[in-house]
Each structure stands twice: as structure tokens, then as C-alpha cells.
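Here are my notes for you on this one. Keep the picture open while you read, and take the points in order.

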Amino acid sequence: MKRILLLGGVTEALAIARTLGPKHIYSLAGVGRVPTDLACQVRVGGYGGADGLAQFIRDEGIDLLLDATHPYAAQISQNAATAACSSGIPC
């Protein structure tokens with residue numbers, strides 16, 4: 001089974017996060033309150049750019065990166081695509 005890293009906010013991505021099991025990670029860039037009703041792991045904060053995200057992907061054994069960030073969050077989407085490419089996983 002693939003290990004998923006889900007990047008997102010607290011709307012559509014949260015709905016996806018609620019379907020993820022405990023081995024997966026839901027990553028929030030910054031939010032006032034962390035959802036407490038999730039079975040998956042939750043990570044809050046940045047990665048330090050594409051290189052930091054790629055290192056996190058490798059360190060955590062991520063197999064699939066889902067970018068469900070806000071459409072105007074162009075920087076994290078670019079970092080996600082770059083990190084996934086350099087890590088050899090689909091985004």
C-alpha cells in the first residue's frame with residue numbers, strides 16, 4: 001500500500017484527509033486549529049522549499065504526493081511538483 005502525503009488547507013483537502021488511514025500524512029501550511037478528528041498523521045508548517053520537501057518525502061517513505069492546496073498557492077504547488085520529480089514519485 002502506498003504512503004500518501006496530502007498537502008492542503010481546511011476545505012476540500014480536509015475532506016480527503018478524513019478518508020486517510022494512520023500511515024498517511026496530512027500537511028497544513030499553517031492553520032489556526034488542527035483538526036482532531038483524523039485517523040491520519042497531521043503535520044503543520046513549511047518544508048523550507050522544494051529541497052526540504054523532497055528530503056521529507058525521502059525520510060518519510062512517501063510514495064504519492066497529493067497537492068490539494070489553494071489554486072492561488074502557486075509556490076507550494078511548484079515546490080510540490082519539483083520535490084515529487086526529484087524524489088521519483090507521482091504528484
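**Notes on the fold and the cysteines**

1. Let's start with the inside. Out of 91 residues in the chain, 37% count as buried. Do keep in mind that this is a predicted model.

2. Next, the layout. Walking from the N terminus, the order reads β-α-β-β-α-β-α. The radius of gyration is 12 Å, close to the 12 Å that the globule rule gives for 91 residues, so the chain is as compact as a globular protein of that length.

3. As for overall dimensions, a box of roughly 35 × 30 × 20 Å, taken along the principal axes, is filled by the C-alpha atoms.

4. Now look at who touches whom. Take the contacts with a separation of 6 or more: 44% of them come from residues 24 or more positions apart.

5. How many disulfides does the chain have? The count comes to 0. Why no bond for Cys85? Its closest cysteine sulfur, in Cys91, is 10 Å away, which is too far; a disulfide needs the two sulfurs within 2.5 Å. Cys91 is likewise in no disulfide, with the sulfur of Cys85 as its nearest at 10 Å.

6. Are these cysteines buried or exposed? Cys85 is exposed, at 63% relative accessible area, and Cys91 counts as exposed too, at 53%. The cut-off for that label is over 50%.

Key
Residues are numbered from 1 along each chain as its sequence is written. This is a predicted model: local features need pLDDT of at least 70, side-chain atom pairs count only at pLDDT 80 or more; totals for chains, interfaces and linings use all residues. Side-chain values use heavy atoms; hydrogens and water are left out. Helices (H or I, at least four residues) and strands (E, at least two) are DSSP runs, numbered from the N terminus. The radius of gyration is taken over C-alpha atoms; the globule rule is 2.2 Å times the number of residues to the power 0.38. Buried means under 20% relative accessible area, exposed over 50%, partly exposed in between (1.4 Å probe, protein chains only). Contact means heavy atoms within 4.5 Å.
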